[in-house]
Each structure stands twice: as C-alpha cells, then as structure tokens.
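Hello,

Here is the structure I promised to pass on to you. Please have a look at it first, and then read on for what turned up.

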There are 2 protein chains.
Amino acid sequence: MAANLGEFERIARFFAPLAAPEALQLLDDVALIEGPPGEQYVLKTDAIVENVHFLPSDPAGTVAQKLLRVNLSDLAAKGARPFGYLLTTALPHDRGDAWLEQFAAGLAADQKHYGILLLGGDSVATGGALTLSVAAIGRIAKGRAVLRRGARPGDGVFVSGSLGDAALGVLIAKGQDLGLSATYNDFLIDRFRLPQPRLNLGASLPGLASAAMDISDGLVADLGHLTRASGVAAEIEAAQLPLSPAAAAALAVDPARLGLVLGGGDDYELLFTAPAAADARLMDLARETAVPVTRIGRIVAGQGVRVRDKAGAEIAVPRAGYAHF
Amino acid sequence: MAANLGEFERIARFFAPLAAPEALQLLDDVALIEGPPGEQYVLKTDAIVENVHFLPSDPAGTVAQKLLRVNLSDLAAKGARPFGYLLTTALPHDRGDAWLEQFAAGLAADQKHYGILLLGGDSVATGGALTLSVAAIGRIAKGRAVLRRGARPGDGVFVSGSLGDAALGVLIAKGQDLGLSATYNDFLIDRFRLPQPRLNLGASLPGLASAAMDISDGLVADLGHLTRASGVAAEIEAAQLPLSPAAAAALAVDPARLGLVLGGGDDYELLFTAPAAADARLMDLARETAVPVTRIGRIVAGQGVRVRDKAGAEIAVPRAGYAHF
C-alpha cells in the first residue's frame, strides 16, 4: 500500500480546491466573511484529541479551556476580538455527568474571562478517544486582519511570551523526570494545559505587523508556513529565543531540548513580522499588554527557515511540526 | 454509579447556561448573528459518526454529502440560504488518500449543487470511529428566520416529502430483508445515504409558517421539541403520514414498521406549522418546488404529541428519538 500524503499535502490536494475566496486559500487557518457595516467575522475551527493535545490526567476544566484557547489564539493572531463559538463533543461512554459538569465549568470560566458566549453545538458518542471541536468566531474592522502573506525581506521576526514550555510540560505530565524542581514542573505542565491566547497584543498588531500567526505546530514549522505564504525566507538566532526560567533550566540540564523549543509545538504564542519602523511601538506594546515581545530573527529573500547558533552555524531542527494524519 | 443524564437534559443543565442570546436558548439548534446590513447569519453545527449516522459500506462521496446535507437541512428549516461551511474530520488510520479523494469529490459535487464553499477546517486522527463535523453558515433577511416557538393552537402541522424512508433504508443497508423489491431497497438505502435538504421550500416559509424545524431525531421526538418550544401540544393522524411507495410497501409487509415512520429519524424533511390561512399558498409552494407538502395534524392547547389511528385511538410511539450520549 502506498504511503498516505501528510496533513498539509492532503489540504493542498483535496481541500484547497474546495475553498471559498473568504478562506484565503486555506493558508491562514481562518476565513474572513462580511460582517455588520465596517466589520468582518473571523472564522476558525480547531479540534483537540485526548492523548494528542491533552492527557487523560488533565482536569476536565482545563481541557475545556484549552479547547477554547487554541481557537482564540488564532483569532488573536489575526488581530480579532473573540465573539462566540460552536462546540462539538465526541465523548467516550466513560465520561459521565461529573466530567461534563467540570468541563462546562471550564467553559464558563473562560467565557467570562474572554467575553464570549456559546452559540450552539452538537454531541455525539465515540468508541475512540475523547475528541472536541470548536468553531470560533471573532470580529475585526474590515480589511484590518493581519495575514500570513505580508512578510518582506528586512522585517524582523518576533514572538510573544516564551517558547517550548508546553512541549516540555507534556513530557513532565506524562511522567518523565526532566531533572527540574516541583515548581518548574508545575509551571511547565500549566503551560501545556492552559495556553494564553495573546488577544490584547494581537489586537494591536493590525497596521504594525506585516504578517502574523500563532504557533501551534512548533516555531520552525509555523514560521515555514508564514514564509511560504509570503514568498520569503527567515533566519532565526537560537540565542534570542525567549525561554521561561523553567525552560532555561530544562535546557541547562540537556541542551538537546532546544529541539522542543524550536519544534515541539503547542506554544500558542504569537509569531509575527514587522518592519524596523515598528520596533519602538512593539516594545511599548509589550509593556502595555504585559506580554514579552522578543525579536528572534529576520526575514530575508529566498525560501525556508534557517536557525543559527551563536557562532552562526546552522542548527538542524528535529521535527517539522505535528502531522495529525 | 448513577445513570447519566440524556442528551437533552445534558444540554439543558450544562450548556444552556453558557448560551448567547443569539443561540435562542439552544432551542432552535441554530444561532442567528448580525450580518451585513439587512441580513443575519444562521449558524449550525452537526456531527456524524460511522455506524451511527452512516455505515462503513457507504461510499465516501455520499458520506460527505450526508455530512453537508444534515447541516443544510437545518438552514432550510429556518428559511436561510446556505453560504459556506467549516469542516472537521477525525479519521481512523485506515482511511487513506483514496477514501479522502472520494470524500472530497462528494463535497465538491454538493458545493456546486448548493452553491456553497469551504471556509476552513481541521483534521485530526482518531483510534475510534470516523467522526465528521460541519459548522454551516447560512444567510437570511433580518428577523425572517422561522423559529420553533411560534406554533399556536389551530395551526396545521405539515411535513415535506415522505417519512420513514431512511429508517427503513438503514436496516436494509445493514443486511435486513424487509421483503421488498430490489428497486425499493435501493430507493430506501439512497434516502438513508442522501438526505434532500428542502432549501427552496424552506426559503418560502418565512411569513407563512408559524414554526419550523427539520426532522432528524424522528417525527414525534422532533415535534415534541417544537411543541415544547411553543408551549402547545400536537395531534397527529397516522393515516395522513406521507409514505413513499417503498415505505408503504414495507408497512404493508409489517404494519409495526409504522414505528419507524413515527420515530426512526434521519428523515431530514421539514416539519412546520401554519395557520389555516396559509393552506392555499402552501399547496402552491409544493407544486412550485416539486416537494410534496402534507398536512398531518394540528396544534392544540396543552402539552405533548399524540398520534391517533383512523378510529381515533392513540398509538404508542416506540422510541423518543436518538440519544447520542
């Protein structure tokens, strides 16, 4: 039997020909449709699966929050404000009312936090893994969404927050001993369970960033998507990657863990490019939103993503993002 | 361990408190959000699962079409025109590119037929049954959507097309011999695989019907939803239920199969109520849209749904609709 295509090849071959102009060639992971006067709706759908995106040991409440937040993170990356969501649950028979009550409590907490409400849903039973899907809807002023295709040579490459935490956290949650303190372990597990969609920072990027997306598949894989959409290349300096104290400690124990920072995924941080003229305003924004913004490299002509160490030597990246098929 | 709540109790207890005003208390299975000037978007999400809503023997192309059509059927019931959809697939590992190619071809055929386009999606792998979810978006003139809550005593109860075909068809598709001809078997299997969303008829119901929904869980169960939402009761005459020649033949072999007509589900016909003044126009509409419209009973004061035989005796209904949990 011939090997199957990968996720992105399947999208390009089978689904891109079906896509509406509003779906932006499926390159942006969102669609923009006409909204009330002066506005557009931003549509996004993302599913999470037990043992892939979350673990059986994760509390039902944080599973609900992660489900919402991975979708809100995409809205943040376009500069949109979240509005509401549709929910589909495929529950194994062993998830009873007690689980569902905690799940709903997690949704309620995040609805309040992010100012969104449930617009509808569907529930089915599954004999397989718990699978949850949300279609999230955001709003943005017409024509202001920040797409992936606007990066230009000379632009800086920026990320919000810190990278690699979730990829380290899931290992700890699965029982691996990374040689860290209990406090660091808890911090990293929390980063895996509870992404922080950067909505305030994202809402300030229209007019400032030339291209933007969120990091879900891993920095290098996602920067690859952005540079392909823009027809450019990127050079990243590994020494500039923002690490939490916990992740820095993990890399001090084993420097090979840099691979998780570059390619582990599940970061849900913003990845964006901006011309030099935006630098000062970006640093102000980081202060105003209390979200670190770090310049990690630059856009150049060509194609591909290269990561260099302090000496300028290229670092091989171990994995090219999740492939869900 | 205490028994878990049923699907509708779970919705009422856990999800209704989370719902937006636009979600209409989750009573209509759709949300209405503000659209371009003078319009609203109608949002609907429905998932289908292998061995529940379709069979492993169903061609991938008709699985795709059923997935779209069960969602379009809800849009039809509100009087909306379909606009686009988001797609989430949870594929078992044995569904390779050949399956996906046929699946995409089914989507393409229905996109053309219904004038809709793909707006985005997500793909995950599952170790369980193939599960497919669509979030469909329609458009309708502001304030024109036909809701479930408008039925009034004295209104007639109407259905489109014929009832029970899909519930009989799935038995045949599973290998049961219902004692019918090969032609009838094929017709009924086709009705199970390929719902016919009544979009043209539905688009003519605003201003005419007092309440409307589509039949997915079975006539009696869904009429129960409509009458509860409206605060009324319904009386149905079994002799008036529209049957295809194939279904009529199946009931001639075994009259107990009336239970499948009343409660089998998967009909995806329109169920609506209208005052007597609308009768003439409804019969015109049936001719214009080439979709049969049959008056099957009436709305009365009280609560509940009663089905009566020719002698006026009440018929017990064997099942109260799908319960997916």
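Let me start with a pair of helices in chain B. The axes of helix H4 (residues 165–173) of chain B and helix H5 (residues 182–193) of chain B come within 7 Å, crossing at roughly 110°. H4(B) and H5(B) are therefore roughly perpendicular to each other, since angles of 65 to 115 degrees are counted that way. On the H4(B) side, the contact is made by Asp165(B), Ala166(B), Leu168(B), Gly169(B), Val170(B), Ile172(B) and Ala173(B). H5(B) contributes Asn185(B), Phe187(B), Leu188(B), Ile189(B), Arg191(B) and Phe192(B). Sorted by class, this contact of H4(B) with H5(B) holds 9 nonpolar, 2 polar and 2 charged residues. Please bear in mind that this is a predicted model.

Next, how the two chains sit together. Chain B is superposed on chain A by a rotation of 180° with 0.0 Å of shift along the axis, at an RMSD of 0.0 Å. The two copies are thus related as by a two-fold rotation axis. Which residue of chain B comes closest to the rotation axis? That is Gly128(B), whose C-alpha lies at 1.7 Å. The copies also meet through the same surface, because 99% of the interface residues of chain B are interface residues in chain A as well.

H2(B) is mostly covered, with 19 of its 19 residues buried. Just after H2(B) comes Gly79(B), which takes a positive phi of about 90°.

One residue of that helix, Gln65(B), counts as buried because its relative accessibility is 13%, and the cut-off for buried is under 20%. Leaving aside neighbours within four places in sequence, Gln65(B) is in contact with Gly106(B), Ala109(B), Asp110(B) and Leu194(B).

Finally, a glycine in the other chain. Gly115(A) is placed in the loop between helix H3 (97–114) and strand E4 (117–125) of chain A. Is Gly115(A) buried or exposed? With 57% relative accessibility, Gly115(A) counts as exposed. Not counting residues up to four places away in sequence, Gly115(A) touches Pro82(A), Phe83(A) and Asp110(A). Gln240(A) is 125 residues from Gly115(A) along the chain, and their C-alpha atoms are separated by 34 Å.

Best wishes

Methods: Residues are numbered from 1 along each chain as its sequence is written. Chains are lettered from A and ligands numbered from 1 in the order in which they are written. This is a predicted model: local features need pLDDT of at least 70, side-chain atom pairs count only at pLDDT 80 or more; totals for chains, interfaces and linings use all residues. Side-chain values use heavy atoms; hydrogens and water are left out. Axes are lines fitted to C-alpha atoms, for helices over the stretch in contact, and angles run from 0 to 180 degrees between N-to-C directions. Helices (H or I, at least four residues) and strands (E, at least two) are DSSP runs, numbered from the N terminus. Angles under 35 degrees count as roughly parallel, over 145 as roughly antiparallel, 65 to 115 as roughly perpendicular and the rest as oblique. Contact means heavy atoms within 4.5 Å. Ala, Val, Leu, Ile, Met, Phe, Trp, Tyr, Cys and Pro count as nonpolar, Asp, Glu, Lys and Arg as charged, and the others, Gly among them, as polar. Copies are superposed by least squares on the C-alpha atoms of residues with pLDDT of at least 70 in both. Buried means under 20% relative accessible area, exposed over 50%, partly exposed in between (1.4 Å probe, protein chains only).
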